[in-house]
Amino acid sequence: IYSTILKNSFSAFETVVVESTLPLPQLTMSLHNAVQQNLPPTPTKFHYIFSLRDLSRVFQAMCQVSPQVVITQQSLLRLWR
């Protein structure tokens, strides 16, 4: 789902930027899984609860950027980070 959203949202961007969006959903899911495994919620650190809603917010924010702002692969990765 996220791949399709990014593909449609970044269709007006430079080709290098569009190609750079392709691995981002998989990288984000890998990061999400790593966080869930390495930072389990505890009674003292209950704020370590991450869900797919948090991932949706990342992609929602990325889709709001304009083609004039993100013109290189590096700027896209900074935005994602």
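Predicted model: local features only at pLDDT ≥ 70, side-chain atom pairs only at ≥ 80, totals over all residues.
Phe 59 is found in helix α4. Phe 59 has a relative accessibility of 3%, and because buried means under 20%, Phe 59 counts as buried. Leaving aside residues up to four places away in sequence, Phe 59 touches Tyr 2, Leu 6, Leu 24, Pro 25 and Thr 28.

The C-alpha atoms fill a box of roughly 45 × 20 × 20 Å, taken along the principal axes. The chain has 81 residues, and buried residues make up 23% of them. Of the contacts between residues at least 6 apart in sequence, 57% join residues at least 24 apart.

Back in helix α4, which spans residues 52-62, the buried residues are Leu 55, Phe 59 and Met 62. These residues lie on the same side of α4, because they cover an arc of only 55 degrees around the axis. The spacing fits a general rule. An α-helix has 3.6 residues a turn, so residues three or four places apart point the same way. What covers the buried residues of α4 includes α1 (residues 2-9), α3 (residues 24-38) and α5 (residues 73-80).

One of these neighbours, α3, can be followed in detail. Two packed helices are described by the angle between their axes and the distance between the axes. For α3 and α4 the angle is about 145 degrees, and the axes are 11 Å apart. The crossing in which α3 passes α4 is right-handed. On the α3 side, the contact is made by Leu 24, Pro 25, Thr 28, Met 29 and His 32, while α4 contributes Leu 52, Leu 55, Phe 59 and Met 62. Sorted by class, the contact of α3 with α4 has 7 nonpolar residues, 2 polar residues and no charged ones.

Ile 1 and Pro 25 are 24 residues apart in sequence, yet their C-alpha atoms are 8.8 Å apart in space. Ile 1 lies in the segment before α1. Is Ile 1 buried or exposed? Its relative accessibility is 82%, so Ile 1 counts as exposed.

How many salt bridges does the count come to? The count comes to 1 salt bridge. Asp 54 forms a salt bridge with Arg 57, and their closest N and O atoms are 3.3 Å apart. Both residues lie in helix α4, 3 residues apart, which is about one turn of the helix. Asp 54 counts as partly exposed because its relative accessibility is 24%. Arg 57 is also partly exposed, with a relative accessible area of 48%.

Leu 55, Phe 59 and Met 62 are its buried residues, and Asp 54 and Arg 57 form a salt bridge.

Terms used:
Residues numbered from 1 in each chain as written. Heavy atoms only, no water. Buried < 20%, exposed > 50% of the residue type's maximum accessible area, 1.4 Å probe, protein only. Helix = DSSP H or I, 4+ residues; strand = E, 2+ residues; numbered from the N terminus. Arc of directions from axis to C-beta. Contact = heavy atoms within 4.5 Å. Axes fitted to C-alpha atoms, helices over the stretch in contact; angles between N-to-C directions. Left-handed = near helix turned anticlockwise from the far one by under 90°. Nonpolar A, V, L, I, M, F, W, Y, C, P; charged D, E, K, R; others polar. Salt bridge = Lys/Arg side-chain N within 4 Å of Asp/Glu carboxyl O.
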